[in-house]
Amino acid sequence: MAENLIDIRELKKYYPVHGGIFKRHIADIKAVDGVDLKIEKGECLGLVGESGCGKTTLGKTILRLHGATSGRIYFGQSEDIIERIESLLKSENPEERQEGEKLLRQHDLTRLSRKNLLPLRKKIQIVFQDPSNSLNPRMLVKAIIAEPLIAQRLMSGKDIEKRVLELLYTVGLAKEHMMRYPHEFSGGQRQRIAIARALATYPEFILMDEPTSALDVSVQAQILNLLKKLQDEFKLTYLFVTHHLLVVKHISNRIAVMYLGKMAELGPTAEIFDKPLHPYTKALLSAIPIPDPKTKMEKIILSGDVPNPINPPSGCRFHPRCKYAKDICREVEPKLEVAEGRHQVACHRWKEIS
Amino acid sequence: MQRLIETRELYTDFFTFEGVVKALNGVSIVVNQGETYGLVGESGCGKSVSVRSMMRIVQAPGKIVGGKILLFLSKEDREKGIDILKRSEAYMESIRGNDISMIFQEASTSLNPVLSIGYQVGESFLLHRLDEMLSETIDTLKGEIESGVNIFSRLWKSFQIGMFRNELESYLKYKRRVEEIDRRLYELEDSEDSESVSERNHLNRVRDRLSKKSGLVEFVEHFPVLRRYRKKLNKTVRKHIIMLLEELGVPNPHNIVDRYPHELSGGMQQRIVIAIALACHPTLLIADEPTSNLDVTIQAQIVDLIKLLKKTTISSVLFITHDLGLVAEICDRVTVMYAGDACETTSVTELFEKPLHPYTKGLLRAVPKIDSEGELETIPGTVPNLINPPTGCRFHPRCPHAMEICSKEKPPTVEYSAGHSVACFLYSEKKDM
Amino acid sequence: MALHTAEDTIKERNVAIHPRLQEFTFSAKRFLKNPLTIIGLVIILSFAMIALFAPLIAPPQNADPYRIPHTGWKMAPSPPSAEHPLGTLEQQYDIFYGIIWGTRLAFKIGVVVVAVNLIIGIILGSVAGYFGGITDEIIMRITDMFYAIPFLVMAMALVVALGRGLKAVIITLIILGWPTYTRVIRGEILVLRDRDFVLAARASGASHLRIIFKHILPNSIYSVLIIASMNVGTIVLTAAALSFLGLGSETGYADWGQMVSMSRNWIVGPADNRLAFWYVVIIPGLVIALFVLGWNLLGDAARDVFDPKMRRR
């Protein structure tokens, strides 16, 4: 098995809801509610789900753009250390637990101090969904791409210019684009600039937050090809967050399906598409409009909407929309279990259904 | 096939600060009765502008600068069609929402946040199906009187009936008058002599000023207690709204009618927008990217609904989307648009099996498919700026087959085979010149 | 790139100019398209010239140049003459001299007050908007307090408390002016704080200061600069009002408000000629009005050009 670059344990992210005259804390939006996920070095993991399922929150928590409510994220730590900390944390002995907490402060991404975080910023980068929003409209392309280098004081003067030029060529832009403002570019070109910025510090991991959703089909293909090429060239690891299943199919090795803050299914891309186990994944796959009028797949049309994450359903969170739901689904929360090889699913009845 | 609406060489420009955006470059499309027609293209290709032009609701700096839009609604005008660009705004108002309804991408912005769902759907009923609602209310009132009530409520009910009759009469009178004017306008349509032009202008003005309400109704509306007679009518409307919502698969419609838009999810809001559009049984439903902001599973619900409605209630659907998958799923015939040009028009099966235009081919190859592997094929470059569009064929700078003539002349639309037309020099006789 | 659109060729021709300059010329061109803008610009530029060359136009005769020279103690103002081109106020203060040096003073008051206000407003607004929480709460409640008391009443009380005079007026206007800027900046920052490009900067490891100064302020500063340019006029007007009420500079000072105040008794002339002393009120009044008008026109034009929400759409 490949080495893990990121190891997420029991991650939770709640957004407090305040109400009343005194802005008391009245409830939590449970955006991410106990997620375990391992991202292997050099893979592209597709994170799929509908809006409000917590996929973007999960990604942004890895980047520490939001603080986590609880849970641990290990970035580039060796298996031994992770296991040691985990076992210390689970230990009965309060002293050992304390030691575990102490270790966490140095190894857990969510607890790192600002100073310790800075070196990691170099290795973790992000590409946002809408490039017209993610590029500062008052900065020149050159300054935008150089921003991570300047902010982290990695280079200076002539070196920066050289690096920016190199990056522009890498993403398929030219020298003359360096001294322009973002508004002078088309959507696809802007996304290339955003990608160049993400590449500036030689990162190991890039979070792709729906990088092609705001683009047109013909441009989307260009960007997808570019991302694939860059991954091979620089040995990058991607977490590719999207709601577009065909895009994910095209680019990722493994797919994780989220529903309402929980992981529903996780497995290699081909297996997920050929043999989906979770009823939600099945519905999701059948709902994709296929650009071919002759393949008439039978649609599974889910009734109702995604429930409110402030007050998620008990037991399996999918049960109110699931046609296979039984009493056990209403009462007991299913755990992510191994179905076959690397294919995991969180459903009580996956064996009977398939 | 019977045509329903047709555009001929439609040109729409947007007069912006940076320059004139030539959004439509002579678009000719035909939507027939009983079909689901698709308009596909990337953002900025003019698909939305086309339908907005067809409804004459192009936003501020935009203006229709040339072409014709012909409407074939009733039996009489099936031959020639009505050129709606020559008609008055009042005429358009009677068409919009009545014969042609439109739904937009953002359901949340198409709904008024301070009015209840019931009010917004009901408004559509009262605007376009007032006569039906009135006669039904009168019938229920009669039934109630016959079933025996005390003298006071009998008196009140009789008063209500009287008022509704009056309202119905004046509404029917209004309708008759409008019909007369429209018929006369239709006769005058093509004559250009000064006398008929002035008569046409006069009629258009008269039509704009016609009032639906009778004087009595307007008078009574000023009295607080008497005004309440209309409550009965609202009850009838409410019954119809609930029936309609039920038909559209809205769960618990009795509850939903009193809710406000923000209390509903995106998918539900879109259903309400569809309900408003369907309240008056339109002949044509224009759907402008109705599912682009929805999740796939919700999108599947809405698409399913539109397909079902197509079978049961509406005659034709004009579906605008950028998603070729959706096109494959619900459309019968499609026009592919690029930078203000209609490139190719054909049936859906033919589009995916035998695309002709280089842009269509490129587009189809660029879409990730279930079984595609390796690198996606792309169309090089980006969509051009329409202030300075490329000369000739607007696709030629990105076209792998570009020839000399492509940069000089706009390619004519030729019928390649039955029902399959394409605007490209590769398929026209001029090729060899 | 293989594609070569007409736009690209235009860009290439201009490549010699630095893009920032190009942006500037673009803005300037838009700026000068509106005739009202040009009027505003002409007004303010002429005032600026007058202020700059005041010692040449009206050579000072006292140790303190802001003291208007007066020839004699006659109470009734004298009409324009060769010696006094615009006439004199009561006690024979020269109106022409007062107007010229008053311009300098107006600029001094307006620019100093607005500049200090801007600095305070930007700092407090940025802190409140960016960090939020309790700091935000405290700063915003303080601004609310300022809004709760009528402006002129507060200003009068403060001037008196600070011991009258021009200095007191300036300090008062500074104390009372900053909440507007703080509020506007905070509002802008609240919108920008969660924009993707700010998140991207955070992901790049930029410090809070860098984010505020490089990413947020350049995108939000224009709305306050517009308010500031309009406020220069308003501040001068308020200072004039305070002087008129007798709280500003002392008699004989080259301050427009003071000059209007001195002509209070001469608005209406003697019974046989009601308009005998028209020049004592009309001239200083007109100058104040022109000055305020000029800044307002300029501010309006700046809004049209620099406001990112208005341009290019």
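Guide: What follows is a short chat about chains, an interface and a few residues.

Visitor: Before we start, what am I looking at, and which rules apply?
Guide: This is a predicted model, in which local features need pLDDT of at least 70, side-chain atom pairs count only at pLDDT 80 or more, and totals for chains, interfaces and linings use all residues. Residues are numbered from 1 along each chain as its sequence is written, chains are lettered from A and ligands numbered from 1 in the order in which they are written, and side-chain values use heavy atoms, with hydrogens and water left out.

Visitor: Good. How many helices and strands does chain B have?
Guide: Chain B has 15 helices and 12 strands; helices (H or I, at least four residues) and strands (E, at least two) are DSSP runs, numbered from the N terminus. Its C-alpha trace spans about 90 × 60 × 45 Å along the principal axes.

Visitor: And what share of chain B is buried?
Guide: Of its 433 residues, 53% count as buried. Buried means under 20% relative accessible area, exposed over 50%, and partly exposed in between (1.4 Å probe, protein chains only). For contacts in chain B with a separation of 6 or more, 67% come from residues 24 or more positions apart, where contact means heavy atoms within 4.5 Å.

Visitor: How many residues do chain B and chain A each bring to their contact?
Guide: Chain B gives 42 residues and chain A gives 36 residues. Between them they bury about 3300 Å², with 59% of it on carbon and sulfur atoms. That area is the accessible area (1.4 Å probe) that two parts lose on being put together, summed over both.

Visitor: Which elements of chain B touch chain A?
Guide: Those giving two or more residues are α12 (296–312), α13 (324–330), α14 (348–353) and α15 (358–366) of chain B. The largest share, seven residues, comes from α12(B).

Visitor: How many salt bridges cross the interface of chain B and chain A?
Guide: The rule finds zero, taking a salt bridge as a side-chain nitrogen of Lys or Arg within 4 Å of a carboxyl oxygen of Asp or Glu.

Visitor: Where does Glu289(B) sit?
Guide: Glu289(B) is in the loop between β7 (284–288) and α12 of chain B. With a relative accessible area of 9%, Glu289(B) is buried. Leaving aside neighbours within four places in sequence, its contacts are Lys47(B), Gln105(B), Ile320(B), Thr321(B) and His322(B).

Visitor: Switching to rings: how many aromatic pairs are there over all chains?
Guide: The structure holds 23. Rings of Phe, Tyr and Trp (its six-membered ring) pair if their centres lie within 6.5 Å; planes under 30 degrees apart count as stacked, over 60 as edge-to-face and the rest as tilted. Phe75(A) and Phe205(A) form an edge-to-face pair, 6.5 Å centre to centre with 70 degrees between the planes.

Visitor: What does that pair tie together?
Guide: Phe75(A) lies in strand β4 (residues 70–75) of chain A and Phe205(A) in strand β6 (residues 205–209) of chain A, so the pair ties together parts that are 130 residues apart in sequence. Phe75(A) and Phe205(A) are both buried.

Visitor: Why is the pair of Tyr338(B) and Phe395(B) edge-to-face?
Guide: Because the ring centres of Tyr338(B) and Phe395(B) are 5.0 Å apart and their planes are at 85 degrees. Tyr338(B) is buried, with a relative accessible area of 2%, and Phe395(B) counts as buried at 3%.

Visitor: Last stop, chain C. How many helices and strands there?
Guide: Chain C has 12 helices and zero strands. Of its 313 residues, 49% are buried. Ring pairs also link Phe47(C), Phe107(C), Trp256(C), Phe291(C) and Trp295(C) into a cluster.

Visitor: And where is Ala168(C)?
Guide: Ala168(C) is in helix α8 (residues 165–193) of chain C, and is buried with a relative accessible area of 4%.
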